[in-house]
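Please open the model in your viewer and keep the selection panel at hand. The tour below goes from one selection to the next and says what is there at each stop.

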Amino acid sequence: MAKILVVTSGKGGVGKTTTSAAIGTGLALRGHKTVIVDFDVGLRNLDLIMGCERRVVYDFVNVVNGEATLTQALIKDKRLENLYVLAASQTRDKDALTQEGVEKIINELRENFEYVVCDSPAGIEKGAHLAMYFADEAIVVTNPEVSSVRDSDRMLGLLASKSRRAEKGEEPIKEHLLLTRYNPERVTKGEMLGVEDVEEILAIRLLGVIPESQAVLKASNQGVPVILDDQSDAGQAYSDAVDRLLGKEVPHRFLDVQKKGLMQRLFGAR
Amino acid sequence: MNIFDFFRERKKETPASIAKERLQIIVAHERGQRSQPDYLPALQKELVEVIRKYVNIDQDQVHVALENQGSCSILELNITLPDR
């Protein structure tokens, strides 16, 4: 039975698309047939992060409207056998997605994939609602910063009341917290909310902490999901998060300030 | 550690701790509102308007809360009238 995962946050710019790309790629790397679906109609960006922007022929809305089949619209990743992307439409029509249309596609994807990763748009409007509506599990991406934490809490409220599972009275969506852009140095100085603080406020299980990292911009510049940069701290942190998502017990890394060695101090290497 | 850090440590008022405290308050407040039906704010507003016809009160002097106890719900209305 396929699992529908939504990557959501409420607030924009916290790393939803980066996370969707990394988690989806991580699942495929571990042998699970995965599709990442961009729900951000009008502001398509997952294709750029995944590096397949020039191969988009048909999109989500084309499939909903019957202008293309799902097979035609799915973009197969060039690096991984098990990985596919479904691009969002660039239409300006806000009502391009309907609940029935999304349901039809989700059901079709359910039959062909083990994991469907839904990359939610920011906000709590229709696109964000449709992205989370059919979800079995949710990854709530949060920055250690007041507005992001507040919006995440609001999103948790919506997951608990406005999703299909909530409306049907089924078992609630399983919620995971992913703290991104974490800076241990600033946390130590008392300038930034710590992981325990955010956990205490949101009170959901912690999936992972992704350190603020130069690797993320570097990866997006090149259209490579950051998890494939296995030398980088962010890539390794995402990799741990995927293992935890699959039920493995992995200790959290990158929570403390990395002590610089003598050589690093002298030469300023990172 | 310099002398300023020493005082800061004692007060424990770091920017992060202020953020945490503010968040805890606002999040608790918003969670409380979440469990209430959507019509409560409108009800409260209309009540204030009715009472204002007779007594001059502010919006925040009327407190409306809905409590669920088993099979029955209690609508609690708390109005503070100004001193004469």
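Begin by selecting helix α7 (residues 146-161) of chain A together with helix α2 (residues 15-34) of chain B, which in this predicted model pack at an angle of about 25°, with their axes 10 Å apart. Because angles under 35 degrees count as roughly parallel, α7(A) is described as roughly parallel to α2(B). The crossing of these two helices, α7(A) and α2(B), is right-handed.

Now show the side chains where the two helices touch: α7(A) contributes V146(A), V149(A), R150(A), D153(A), R154(A) and G157(A), while α2(B) contributes A19(B), L23(B), I26(B), V27(B), E30(B), R31(B) and R34(B). If you colour this contact of α7(A) with α2(B) by class, you will find six nonpolar, one polar and six charged residues.

The crossing of α7(A) and α10(A) is right-handed. On the α7(A) side the contact is made by V149(A), S152(A), D153(A) and L156(A), and on the α10(A) side by V198(A), I201(A) and L202(A). By class, this contact of α7(A) with α10(A) has five nonpolar, one polar and one charged residues.

Next, select α10(A) with α2(B), which pack at an angle of about 15°, again with their axes 10 Å apart. That angle makes α10(A) roughly parallel to α2(B), and α10(A) passes α2(B) in a right-handed crossing. Here D197(A), E200(A), I201(A) and L202(A) of α10(A) meet K20(B), L23(B), Q24(B), V27(B) and R31(B) of α2(B). The contact of α10(A) with α2(B) has four nonpolar, one polar and four charged residues.

Then colour chain B by pLDDT, which averages 81 over the chain, with 85% of the residues scoring at least 70. For the complex, the predictor gives an ipTM of 0.85 and a pTM of 0.84.

Along its principal axes, the C-alpha trace of chain A spans about 60 × 40 × 35 Å.

Terms used
Residues numbered from 1 in each chain as written. Chains lettered and ligands numbered in written order. Predicted model: local features only at pLDDT ≥ 70, side-chain atom pairs only at ≥ 80, totals over all residues. Heavy atoms only, no water. Axes fitted to C-alpha atoms, helices over the stretch in contact; angles between N-to-C directions. Helix = DSSP H or I, 4+ residues; strand = E, 2+ residues; numbered from the N terminus. Parallel < 35°, antiparallel > 145°, perpendicular 65-115°, else oblique. Left-handed = near helix turned anticlockwise from the far one by under 90°. Contact = heavy atoms within 4.5 Å. Nonpolar A, V, L, I, M, F, W, Y, C, P; charged D, E, K, R; others polar. pLDDT = per-residue confidence, 0-100.
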